[in-house]
Amino acid sequence: MRATPADRLAAARLRADEPWFGRAFPAYEAWLAGDAGFDEVFLPFFYGRWDDTARAHAEHEEAQTNDDAAERYFAEGAFTPEATRAALAALTAPVLVHAGEYDGGPSPALARRVAAALPDAEVSVQPAAGHYPWLDGPAHFVRSVLGFLGEDGVPSR
C-alpha cells in the first residue's frame, strides 16, 4: 500500500485556497509525473501550514536526509507485499495509524487501508496537518498518541 501520485495530487488540491498554490501545484504535478526535478516551490504541500516553523524544518531537512538509504528503500526486491501482509495480519500489538488531513502519503484513506490490514489498529486523522503532524499541531499530536497509549504509556487494549 503505497501512496500514488493521484493520492498526493488529491491531497494537494485540498490546499487550492493557499496563496502559494498556483505556483506550487504545476511544479508538484510535473515532479510526480517524472517530468521535472524536485522544486522547493512545492514544499508547502508537505506541511499543514507554511509558516516559520515549517520553513525552518524544511531548511534543515536536507542535512537530515540519507540519499543512499532513500535509493535503497525503493530498490528492486525491497518489498514483498504478500510476506508483509501476512506478518501484519499476525501482529498482536495494538497499533495507532496517525495521518495528517492534508498528507498525500499516507493520506487518511491510505492510513485506513493500512489499519484494515492489522488485527488491532486504530486510525487517527489530525485536522489541518500534513506529513509532519507534530509540527503542524504539537498539542493535538501529543493528545492523540497519549490517548492511544493511556496514562501509563501502554495501549489500553
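Modeller: A quick term before we start: Ala, Val, Leu, Ile, Met, Phe, Trp, Tyr, Cys and Pro count as nonpolar, Asp, Glu, Lys and Arg as charged, and the others, Gly among them, as polar. Also, keep in mind that this is a predicted model.

Biologist: Got it. How many cavities of 30 Å³ or more are there in the whole structure?
Modeller: The search finds one. About 70 Å³ of space lies in the largest cavity.

Biologist: And how does its lining divide into nonpolar, polar and charged?
Modeller: The lining of the largest cavity has six nonpolar, two polar and three charged residues. Among them are Arg8, Tyr28, Phe45, Asp103 and Gly104.

Biologist: Which helix gives the most to that lining?
Modeller: Helix 1 does, with three residues.

Biologist: Which residues lie nearest its centre?
Modeller: Arg8, Tyr73, Phe74, Gly105 and His131, out of 47 lining residues. The lining of the largest pocket divides into 27 nonpolar, ten polar and ten charged.

Biologist: Switching to the surface, which residues make the nonpolar patch?
Modeller: Tyr73, Phe74 and Phe79 make a patch of about 340 Å².

Biologist: Where is Phe79?
Modeller: Phe79 sits in the loop between helix 4 and helix 5.

Biologist: Why does Phe79 count as partly exposed?
Modeller: Because its relative accessibility is 39%, and partly exposed covers the range between under 20% (buried) and over 50% (exposed).

Note on methods: Residues are numbered from 1 along each chain as its sequence is written. This is a predicted model: local features need pLDDT of at least 70, side-chain atom pairs count only at pLDDT 80 or more; totals for chains, interfaces and linings use all residues. Side-chain values use heavy atoms; hydrogens and water are left out. On a 1 Å grid over the protein atoms alone, a cavity is a set of points where a 1.4 Å probe fits but cannot get out, and a pocket is an open set with protein on both sides within 12 Å along at least five of seven lines; lining residues have an atom within 4 Å of a point. Grid points are joined across faces, edges and corners, and a volume is the space filled by probe spheres set on the points. Helices (H or I, at least four residues) and strands (E, at least two) are DSSP runs, numbered from the N terminus. Patches are made of residues with over 30% relative accessible area and no salt bridge: like charges are joined within 9 Å, nonpolar side chains (Val, Leu, Ile, Met, Phe, Trp, Tyr) within 5 Å. Accessible areas come from the Shrake-Rupley method with a 1.4 Å probe; for residues, only the protein chains shown count as cover. A salt bridge is a side-chain nitrogen of Lys or Arg within 4 Å of a carboxyl oxygen of Asp or Glu. Buried means under 20% relative accessible area, exposed over 50%, partly exposed in between (1.4 Å probe, protein chains only).
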